[in-house]
Amino acid sequence: MMAGPDLVAGRRVLFVMAVKAEYGPQLRARIAPLMTGVGPVEAAVALTAALSQMAAGDGLPELVVSLGSAGSRRLRQLGIYQVASLEYRDMDASALGFARGETPMLGLPARVELPLRIPGIDAASLATGASIVSGAAYDAVGADMVDMESFAVLRACQRFGLPLIGLRGISDGTEELAQLSDWTQYLHLVDERLAEAVDRLAQALERGELAL
């Protein structure tokens, strides 16, 4: 059965995550997200299909929230950040005269700002791509943090005219990744802190601090 929007402070909010490894007990007590799978292709396919079904059925959500872990070499490890801007780090059509990160003929800038902000949560830029970033690979990334789904979620939201908030917990980046456990070892702490961010989102909606 496809996950539908959660009711948060009386508003229909669709939470989107990649995999169950990031969906710990604290988040499970609060939300029932749509799981897309890993990477921009899976995220785009899964979310677009889900939103299409919602549009044809009980209706679209009022807000989409992309949440999960992220890597960063410059941000505080285990810190929670909301996404200030998004870019697609895999896209490089610079040989044709386009800025790196700009999709040809689309009309979007290489970096897209997200206007909605939850009060009390630090904001940072995020770059999405289909590769794991580790060690020296951060040298090629201009954004504060990296993930593998959020830009694809943004594009699906834009297609359906939906606002997006991104929430990311920094699970890795200070040391080079060598195995899966280097990513998963702190996900239980990321889960706890993302759950607190979801509570802040609910408070902001209750107080009318987010204009949907």
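## Packing of α2 and α3

Helix α2 passes α3 in a right-handed crossing. This description, like the rest of the report, comes from a predicted model. The two helices, α2 and α3, pack with their axes 8 Å apart and at an angle of about 30°. Angles under 35 degrees count as roughly parallel, and α2 and α3 are therefore roughly parallel to each other.

On the α2 side, the contact is formed by Pro 40, Ala 43, Ala 44, Leu 47, Thr 48, Leu 51 and Ser 52. On the α3 side, Ala 152, Val 153, Ala 156 and Phe 160 take part. Sorted by class, this contact of α2 with α3 holds 9 nonpolar residues, 2 polar ones and no charged ones.

## The largest nonpolar core

The largest nonpolar core has 30 residues. Those touching the most other members are Leu 14, Leu 47, Val 64, Leu 86, Met 145, Val 153 and Leu 164. At least two residues of this core come from each of the helices α2 (40–56) and α3 (150–160) and from each of the strands β2 (11–17), β4 (63–71), β5 (80–88), β7 (123–128) and β9 (164–172). The most is given by α3, with 6 residues.

## Contacts of Leu 86

Neighbours within four places in sequence are left aside here. Leu 86 is then in contact with Ala 110, Arg 111, Val 112, Leu 114, Leu 126, Thr 128, Ser 150, Phe 151, Leu 154 and Leu 164.

## A second core

A separate, second core is made up of 27 residues. Among them are Leu 63, Ile 80, Ile 165 and Ala 202.

Methods:
Residues are numbered from 1 along each chain as its sequence is written. This is a predicted model: local features need pLDDT of at least 70, side-chain atom pairs count only at pLDDT 80 or more; totals for chains, interfaces and linings use all residues. Side-chain values use heavy atoms; hydrogens and water are left out. A nonpolar core is a set of buried Ala, Val, Leu, Ile, Met, Phe, Trp, Tyr and Cys residues joined through side-chain atoms within 4.5 Å. Buried means under 20% relative accessible area, exposed over 50%, partly exposed in between (1.4 Å probe, protein chains only). Helices (H or I, at least four residues) and strands (E, at least two) are DSSP runs, numbered from the N terminus. Contact means heavy atoms within 4.5 Å. Axes are lines fitted to C-alpha atoms, for helices over the stretch in contact, and angles run from 0 to 180 degrees between N-to-C directions. Angles under 35 degrees count as roughly parallel, over 145 as roughly antiparallel, 65 to 115 as roughly perpendicular and the rest as oblique. A crossing is left-handed if the near helix is turned anticlockwise from the far one by less than a right angle, and right-handed if clockwise. Ala, Val, Leu, Ile, Met, Phe, Trp, Tyr, Cys and Pro count as nonpolar, Asp, Glu, Lys and Arg as charged, and the others, Gly among them, as polar.
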